[in-house]
Amino acid sequence: MNIHEKYLLRCMELGKKGLGTTAPNPMVGSILVHNHKIIGEGYTSPYGGPHAEVNAINAVQDKELLKQSTIYVTLEPCSHFGKTPPCAELIIDSEIPKVVIGLQDPHDKVAGKGIEKLREAGCEVTLGVLEAECREHHKRFLTYQEKKRPYIILKWAETQDGFIAPDKVKRKDNPEPFWISNTYSKQLVHQWRSEEQAILVGTQTVLEDNPKLNVRTWEGKNPIRVIVDRSLKIPPHFHVLDQSVHTLVLTAEKDSSKYLDGITYELLDFTKPVANQICNLLHKHSISNVLVEGGTKTLQTFIDEELWDEARIFKGASAFHSGTLAPVISGKLVHSEKIISDTLSILKHD
């Protein structure tokens, strides 16, 4: 490992601190190095705030050192005015002579323009250090920019005998979740919710579980709730319609008199592929990543249309013998671990 790679790894460590707060912006990490010593570190602030390069430069106490320093950044510095001024111009104005970049930004407003501006100003630019690792780090942002859809994570828990939910006779009268996974797995799911911009479920999951779809056993921001409710069957007193969290309902019901105040509604054509339409609508609402929590019909829709990037599957210790079967999926197993009585498997779409 050379010194550039060492510093880029530190940038990625920093960038991860923005997971769950920067979307739809990328979670960039940046450091400044002077004479082999890190003199400033920064990562992207919550959406609308300063970018990583700004925070790293501001962290340097002696600004004169910037003129003999190297700035490292996981993604090409922006060259356009958005919520904040261009980072490339700040680097130039700070007279930082060397810039090391992990990955070129595919955003059409950047796409090499930041690198070009830096080089025209006389900066020595090194591009493509740990490029594959930076692509993995920025997978949500890159999917949103390159594929024009959110990065999609499927998640479910299934029993030893492959069921995702029991027969209705095993459920209580009041709608509430029927837990397959253990307490530690449930806490991990709440951590995941805090890391993703949105969470999506179908009608049947809401009617049977009345979920809140928020973050409770972890510190973090609640995801946007996305509910597929074709005929608006979900009663208005259910948790997902309580307006405590920004909620988007996807429906075929065109009669707006049936819509609730404070909820955003979008129309789907259920005679056509649904997952593709959902992806287009989420992209329209600037949602760059989504955690799809079920149920089986909704999950299988994304699988069948091949619109998924990761699947995170818990296998619990219990067996139902009958009920709702888990989705059928195939992909590359990239991680497996035991969480007390549960087994977590993470698949990547081939």
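This is a predicted model: local features need pLDDT of at least 70, side-chain atom pairs count only at pLDDT 80 or more; totals for chains, interfaces and linings use all residues.
Rings of Phe, Tyr and Trp (its six-membered ring) are paired if their centres lie within 6.5 Å; planes under 30 degrees apart count as stacked, over 60 as edge-to-face and the rest as tilted.

Residues are numbered from 1 along each chain as its sequence is written, and side-chain values use heavy atoms, with hydrogens and water left out.

**View 1. Tyr-7 and Tyr-72 form a tilted aromatic pair.** The ring centres of Tyr-7 and Tyr-72 are 5.0 Å apart, with 55° between the planes. The pair links distant parts of the chain, 65 residues apart: Tyr-7 belongs to helix 1 (residues 3-15) and Tyr-72 to strand 3 (residues 70-75). Helices (H or I, at least four residues) and strands (E, at least two) are DSSP runs, numbered from the N terminus. Tyr-7 counts as buried because its relative accessibility is 7%, and Tyr-72 counts as buried at 3%. Buried means under 20% relative accessible area, exposed over 50%, and partly exposed in between (1.4 Å probe, protein chains only).

**View 2. Trp-192 and Phe-314 form a stacked pair.** The ring centres lie 5.5 Å apart and the planes meet at 25°, so the pair of Trp-192 and Phe-314 is stacked. This pair also links distant parts of the chain, with Trp-192 in helix 7 (residues 183-195) and Phe-314 in strand 13 (residues 310-315), 122 residues apart. Both Trp-192 and Phe-314 are buried.

**View 3. Arg-312 lies over the face of Trp-192.** The distance from Arg-312 to the ring centre of Trp-192 is 4.7 Å. A charge sits over a ring if NZ of Lys or CZ of Arg is within 6 Å of the ring centre and within 35 degrees of the ring normal. Trp-192 is the residue that also stacks with Phe-314.

**View 4. The charged end of Lys-186 sits over the ring of Trp-179.** Here the charged end of Lys-186 is 4.4 Å from the centre of the Trp-179 ring.

**Setting of the views.** The secondary structure of the protein chain comprises 10 helices and 16 strands. Of the 350 residues in the protein chain, 53% are buried. The C-alpha atoms fill a box of roughly 70 × 50 × 35 Å, taken along the principal axes.
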